[in-house]
Each structure stands twice: as structure tokens, then as C-alpha cells.
Amino acid sequence: MAMKTREEYIDSLRKLNLTVYMFGERIENPVDHPIIIPSMNAVALTYELASHPDYENIMTVNSHLTGEKINLFNHIFQSTDNLVQKVKRQRMLGQKSACCFQRCVGQDALNAVYSTAYEVDQKYGTSYFENIKNYVLHVQKEDLVSDGAMTDPKGDRGLPPSKQADPDLYLRVVERREDGIVVNGCKAHQTGIVNSHEVLCMPTIAMKPEDKDYAISFAVPTDAPGVIIIMGRQSCDTRKLEGTEIDVGNSEYGGHEALIIFDHVFVPNDRIFLNGETEFAGMLVERFAGHHRPSYACKVGVGDVLIGASALAADYNGINKAAHIKDKLIEMTHLNETIYSSALACSYEGVATPSGAFLIDLMLANVCKQNVTKFPYEMGRHAQDIAGGIVVTQPSEKDFRNEEIGHYVEKYLKGVASVPTEHRMRIMRLIENMTLGSGAVGYLTESLHGAGSPQAQRIMIARLGNFEDKKEMAKHIAKIKS
Ligand SMILES: Cc1cc2nc3c(=O)[nH]c(=O)nc-3n(C[C@H](O)[C@H](O)[C@H](O)COP(=O)(O)OP(=O)(O)OC[C@H]3O[C@@H](n4cnc5c(N)ncnc54)[C@H](O)[C@@H]3O)c2cc1C
Ligand code: SF4
């Protein structure tokens with residue numbers, strides 16, 4: 001089957017029979033819900049641009065399984081060129097959407113499971129690699145969104161899965177049958193789940209033999225019996241219900257996250273990719289995180305938009321010639337390009353795994369994500385500094401449009417005389433959206449915690465830092481023998 005158009009993608013979502021709740025109510029038709037539409041638009045963009053003559057080079061690739069042209073989001077990386085293409089795609093899509101476009105978490109999950117399953121089979125003679133290969137083929141042929149779900153609710157962080165007071169706080173097998181398994185539990189913070197056809201689950205931490213029932217990886221359709229989605233709410237989300245455009249800041253695009261509950265969900269044998277081989281849970285986590293950390297090049301594209309918005313705010317406020325403002329824009333650019341450099345570097349340094357799939361350089365990927373946990377916050381600070389306090393105190397669009405008082409807003413929110421007040425209001429709302437509104441969910445907190453909180457990267461950097469070799473180098477130069 002050919003790749004889906006934007007319209008075919010949206011139609012395919014309509015055919016899903018999802019169980020979704022938001023604000024305490026069942027949402028019968030998520031595709032047309034004003035809070036969900038911007039996030040669907042962001043994923044739809046990944047379909048739209050795949051057939052756009054200017055972007056198909058960056059958005060598509062030939063499948064190593066069929067040789068057919070597919071969306072890069074559904075590809076298993078076969079070279080460093082593929083890894084670099086992904087980073088460039090991430091930046092471009094961030095520039096066009098200024099939000100989390102959701103589809104990459106699934107690509108990184110497919111890649112991590114694919115290479116790990118191969119190595120599990122080598123050790124245990126299981127058939128997980130065949131299973132994941134067939135699953136990848138299905139996702140490629142139907143041009144599906146397969147979401148990646150790793151993060152369990154985790155309960156008491158000081159305890160392993162099998163020692164939790166409630167055994168369901170990590171997703172687990174509750175029944176083993178001839179034809180498959182039954183799973184129970186939940187995955188948290190699930191990006192873009194309502195816009196996805198499939199969900200691919202993985203364990204969230206390295207595990208010991210007693211955690212056997214928790215060392216599972218599998219995929220099910222998002223509308224499988226027993227799957228329940230409870231939407232997370234975002235800062236300023238109900239502004240999308242007000243019927244105005246300016247106050248939303250980014251009215252076209254957005255992201256969403258949700259709790260996804262697995263209430264005794266059946267998984268057939270051919271959809272299982274790990275089932276009790278506890279020593280491979282750590283490899284799967286490390287590879288998923290490794291792939292996902294440079295995917296945060298998406299934030300570089302979003303950062304480009306924030307730099308542009310800050311420069312426009314400076315123009316509209318009449319401060320664009322001030323040396324300290326120029327310097328702040330330079331600093332924002334430096335921070336943003338530093339993230340990009342490390343995302344590219346870990347991709348250029350990628351290597352083949354035994355399955356043939358390529359994996360990024362883990363050290364550089366962790367350095368990249370560590371940068372991402374810090375720099376967008378600093379960039380947001382500069383953006384708010386340049387914009388001024390009106391970024392958080394501006395009256396609403398309805399006041400601006402009001403016949404009695406609108407002229408006051410027009411008059412007193414004016415910056416540079418030649419710039420319409422409405423333009424200044426729009427840019428202030430965009431900066432608000434990205435630094436403390438619903439866009440900040442993706443640009444800031446997701447930068448901090450997504451693909452692992454800062455300490456997770458520091459642990460990897462410590463492990464890969466090779467301090468003993470470095471001591472030897474210093475001893476050699478200092479001529480210290482022994
Ligand atoms: C917007 C957003 C989107 C996301 N999308 C996805 C997604 O699509 N798929 C997915 O699988 N995940 C997703 N995540 C989840 C993300 O990977 C987690 O948020 C992250 O791993 C941190 O887990 P947590 O939120 O449970 O925080 P916690 O693990 O509770 O971390 C809070 C703090 O506690 C510390 N801590 C945690 N455990 C320990 C411990 N044992 N010892 C010492 N300190 C500890 C951490 O270092 C951190 O400082 C998303 C997160 C966000 C915010
Ligand atoms: S945060 Fe970035 S990498 Fe993660 S799913 Fe969203 S767009 Fe993709």
C-alpha cells in the first residue's frame with residue numbers, strides 16, 4: 001500500500017474505536033475535538049510533507065525490507081546517513097509546527113525493539129526478531145503511527161517492580177496462554193496516543209530475575225479491548241475552546257499526552273517481542289533512550305521559532321538595535337546550535353548492531369539530551385526578558401475585539417508606531433505559549449523529563465566516561481610511572 005495522504009491519515013483515525021476520556025467525560029469523536037485537533041494537525045503534517053516535493057527527500061526513504069518508498073518515521077535505520085536524516089527532519093518539523101509532533105517516540109521504539117529482539121533470539125532461540133520484523137512490515141505497508149510506550153507509573157521509585165505495594169504500577173503479564181499473554185497496568189505521559197493506530201510497549205528499567213513478569217515488550221492496536229486512554233491536561237488547554245485565535249498562541253499545532261491503561265489486554269504470540277528475558281530489559285531501555293535522546297533535535301526547530309519570535313518582539317518593542325538584546329539573540333542561537341551539534345555528532349558516529357540496524361553513539365546522544373534538559377529553559381528566559389512583562393499581562397483577544405474597550409487595548413499595547421498592535425499581541429502570545437502555555441509542555445518539561453530525567457543521562461555519561469583511561473593519559477603526559 002502507498003503512503004497515506006494527510007486526509008487518508010485523518011480518515012484512518014476516524015475508523016479507530018478508541019476509549020478516550022477527558023475532563024471526566026468519554027470523548028466519542030477525538031478527531032473533531034478542539035483540544036485534540038492541534039495535536040492531530042502536528043502528526044498530519046508528517047504525512048503531508050512526505051509527499052511534498054520540497055520535503056520528500058528528508059521525510060521518506062526506501063524500506064530495507066521491501067525496497068519501497070516509506071515515511072522515514074517507520075524506517076529501521078540502516079546507516080549513519082539515515083540517522084543524520086532523522087535529526088534534520090526533526091529540526092525541520094520543529095520549525096514548521098513549534099510543538100511536539102509525536103511520531104518519533106514510535107520510530108525510536110521500533111528501532112530499539114528491532115535490534116534488541118535480534119540479540120534475545122541469538123541467546124534464547126526465541127522468534128521475537130521475526131515478530132518485530134513482521135510488525136515493522138505491517139506498520140510500513142499501512143503507513144501507521146505506532147506510538148512508543150516505555151514509562152510506567154512506577155509508584156515508589158525506591159522499589160523494583162515486583163516489590164511495589166500495588167503490583168500493577170509497572171505493566172506486567174497476569175496470564176500466560178497457549179496463544180499469547182494477558183497484560184495489566186499502565187503507561188504514563190503517553191505522547192500522541194490518541195493520534196496513533198498502534199502502541200508498542202517496552203519495560204522502563206533494567207530488571208532482575210524476580211521481575212520476570214514485568215520484562216515484556218509487545219504491540220497492540222490502540223483500540224484493542226481493555227485499552228483506556230485518559231487525556232492529560234495542559235497549561236491553558238481550555239483556551240482552545242474559547243473560539244479565539246490570538247490567545248492560543250499556536251492555534252494550528254500542539255501536542256498531547258495521556259495515561260494509557262491496559263486492563264487485562266490480550267496480546268497474541270506474534271505481537272510479543274520480549275517475555276521474561278529480564279537481562280535484556282536494560283538493553284532495550286538503553287537503546288530506546290539512546291535513539292530518543294537525539295530525536296530532541298525537534299527542540300532545535302522549536303528553538304528557531306522562539307528565536308524568531310524574540311527577534312520580532314525586539315523589533316516591535318523598538319529595542320532591536322540595543323547591544324544587550326542582540327547579544328541575547330546570539331546567546332539563544334549559540335545554545336540552540338549546540339543542541340543541534342550534539343544530535344548530529346551522535347548520528348554521524350553511529351554504528352551497526354548485530355541485527356544490521358544502526359545505533360547512535362551513546363555518549364554523544366546522552367550529552368545531547370543533557371543539553372536539552374537545560375538550554376530551552378535558558379532560551380525561554382531570554383525570550384521573556386526581551387518580550388517584556390506584557391507577555392503575561394496582556395488582555396484577551398475578546399477585549400481587543402470589544403467595541404467599547406478594544407480601542408484602549410489597540411492604543412496602549414502599541415509598540416513601534418508602524419507595527420500593528422495585533423502583530424505585537426500575536427508574538428507575545430506565541431512566546432507565552434512556548435515558555436509557559438501549552439507549548440511549554442513540549443518545549444520545556446518534555447525537554448527536561450522526556451527520554452529520561454537529567455540524572456538518567458548523567459548516569460550514562462559516568463558509565464561511558466572512561467575515567468581510568470583519562471587518568472592514564474594524564475599520567476603519561478605528567479611522566480608518572482605506575
Ligand atoms: C511531556 C512528556 C512527554 C512524554 N512522552 C513519553 C512517551 O511518549 N513515552 C514514554 O514512554 N514516556 C514519555 N515521557 C516520560 C518520560 O520519559 C518520564 O517523564 C521520565 O522518564 C521521568 O519519569 P517520571 O516522570 O516518572 O519522573 P520520576 O522518575 O519520578 O523523576 C522525578 C525525579 O526523581 C528522580 N528519581 C526517579 N527515580 C529515582 C530513583 N530510583 N532514585 C533516585 N532518584 C530518582 C529523577 O532523577 C527525577 O529527578 C514523557 C514525559 C513528558 C514530561
Ligand atoms: S518531544 Fe520531540 S522527539 Fe519526542 S515525540 Fe515530541 S517531537 Fe518527537
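Predicted model: local features only at pLDDT ≥ 70, side-chain atom pairs only at ≥ 80, totals over all residues.
Partly exposed residues are those with a relative accessible area between the buried limit, under 20%, and the exposed limit, over 50%. Glu48 falls in this class, at 33%.

Salt bridges number 29 in the structure. In one of them, the side chain of Glu48 meets that of Arg6, at 3.1 Å from N to O. Glu48 belongs to helix α2 (residues 37–48) and Arg6 to helix α1 (residues 6–14), so the pair ties together parts that are 42 residues apart in sequence.

Lys328 and Asp385 form another salt bridge, with the closest N and O atoms 3.0 Å apart. This pair links distant parts of the chain, with Lys328 in helix α9 (residues 323–348) and Asp385 in helix α10 (residues 362–387), 57 residues apart. Lys328 is buried, at 18% relative accessibility. Asp385 is partly exposed, at 39%.

A salt bridge also joins the side chains of Glu422 and Arg426, at 3.1 Å from N to O. Both residues lie in helix α14 (residues 421–435), four residues apart, so about one helical turn separates them. Glu422 is partly exposed at 22% relative accessibility, and Arg426 is partly exposed at 30%. The two residues belong to a network of salt bridges that also includes Glu245, Glu397 and Arg401.

The shell around ligand 2 contains five nonpolar, four polar and two charged residues. Among the surrounding residues are Gln90, Cys100, Phe101, His292, Tyr296, Lys299 and Glu446. Helices α7 (281–295) and α8 (298–317) each supply at least two residues of this shell.

Notes
Residues numbered from 1 in each chain as written. Chains lettered and ligands numbered in written order. Heavy atoms only, no water. Near = heavy atom within 4 Å. Nonpolar A, V, L, I, M, F, W, Y, C, P; charged D, E, K, R; others polar. Salt bridge = Lys/Arg side-chain N within 4 Å of Asp/Glu carboxyl O. Buried < 20%, exposed > 50% of the residue type's maximum accessible area, 1.4 Å probe, protein only.
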